[in-house]
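Colleague: I'd like to learn how to read a model like this one. Could you walk me through it, starting with what touches what?

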Amino acid sequence: MFIPLHDANSLKHIRLQYVTLGMIAANVIVFLITALGGEATTQAAALSLGYIPSVVFDHAELPAQYVLIPENATYITYAFLHADIWHIGGNMLFLWVFGDNVEDAMGHVRFFLFFLICAAAGALVHGMVDTRSNAPLIGASGAVAGVVAAYLILHPRVKVWILAFGRVPLRIPAWIALAAWIALQVVMFLLAGDDEVSWAAHIGGILAGAMLVLLFRRRAVPLFDREIVSPAAVEVVTPDMRGETTPQGPWGRQ
């Protein structure tokens, strides 16, 4: 639908978005390890670390050679696996453009927890749609969808550069691009049926992100780009009959 390029939205509370950068680095490292190992390694990683609803909901069991971690841990580990360069590239680009400001609004620790919870929520909704599915779910899309939802609630008025339809450069308010993206996820979830993309995971991440941003943001961070401005008392100085100045009250003459 669109490719995000840049947002003119400087950091206000942190100097460096090192959790966002760390998540990107972790995903890239895992992708390189699995990709360099070949197709067999990628498939083994998907079975061992991917989220498989039928296994989590006890409808099936993994062959012993693929059991590396507790099955419930795959609610998180699946988010660090990707199928190909386009899969990881799209997810990491969204995280790069929008993750830093969400991290800025929450702080490092809460953003780290936010990312993981959104990933888990995406897996949960995906699994609940079809608890008997044997297909491994992989990719950070659920967590990134949560980041998108949080950014939309925090900074809808910020102008972002995008490539619309992957070709047309536009600078538009974030709410137009992100609300349209979220609407597409909902429509595809309702209409797609069987598909290689887990729209359900996106929906789970969006719902979690929209709720958690209300709890995890710093108290001083406003929603919807609203600035909280308190009226300041102003001292008014007027000359008196003797040519001297007499201070007045903060709201005019006392």
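Predicted model: local features only at pLDDT ≥ 70, side-chain atom pairs only at ≥ 80, totals over all residues.

Colleague: Is Thr131 buried, exposed or partly exposed?

Modeller: Buried means under 20% relative accessible area and exposed means over 50%. Thr131 has 25% relative accessibility, so it counts as partly exposed.

Colleague: And how do I read a nonpolar core?

Modeller: In soluble globular proteins, nonpolar side chains tend to be buried together. Here the largest nonpolar core has 59 residues, and Leu95, Val102 and Phe114 touch the most other members. H7 gives the largest share of this core, 11 residues. Leaving out residues up to four places away in sequence, Val102 touches Phe111, Phe114, Val147, Ala150, Tyr151 and Leu154.

Colleague: What about pockets?

Modeller: Rolling a probe the size of a water molecule over the atoms shows where empty space is left. The largest pocket here has a volume of about 1300 Å³. It is lined by 39 residues, and Glu196, Val197, Ser198, Trp199 and His202 are the closest to its centre.

Colleague: How does that lining divide into nonpolar, polar and charged?

Modeller: There are 23 nonpolar, 12 polar and 4 charged residues. H5 gives the most to the lining, with 5 residues.

Terms used
Residues numbered from 1 in each chain as written. Heavy atoms only, no water. 1 Å grid on protein atoms, 1.4 Å probe; cavity = no way out; pocket = protein on both sides within 12 Å on 5 of 7 lines; lining within 4 Å. Points joined across faces, edges and corners; volume = space filled by probe spheres on them. Helix = DSSP H or I, 4+ residues; strand = E, 2+ residues; numbered from the N terminus. Nonpolar A, V, L, I, M, F, W, Y, C, P; charged D, E, K, R; others polar. Core = buried A, V, L, I, M, F, W, Y, C linked by side-chain atoms within 4.5 Å. Buried < 20%, exposed > 50% of the residue type's maximum accessible area, 1.4 Å probe, protein only. Contact = heavy atoms within 4.5 Å.
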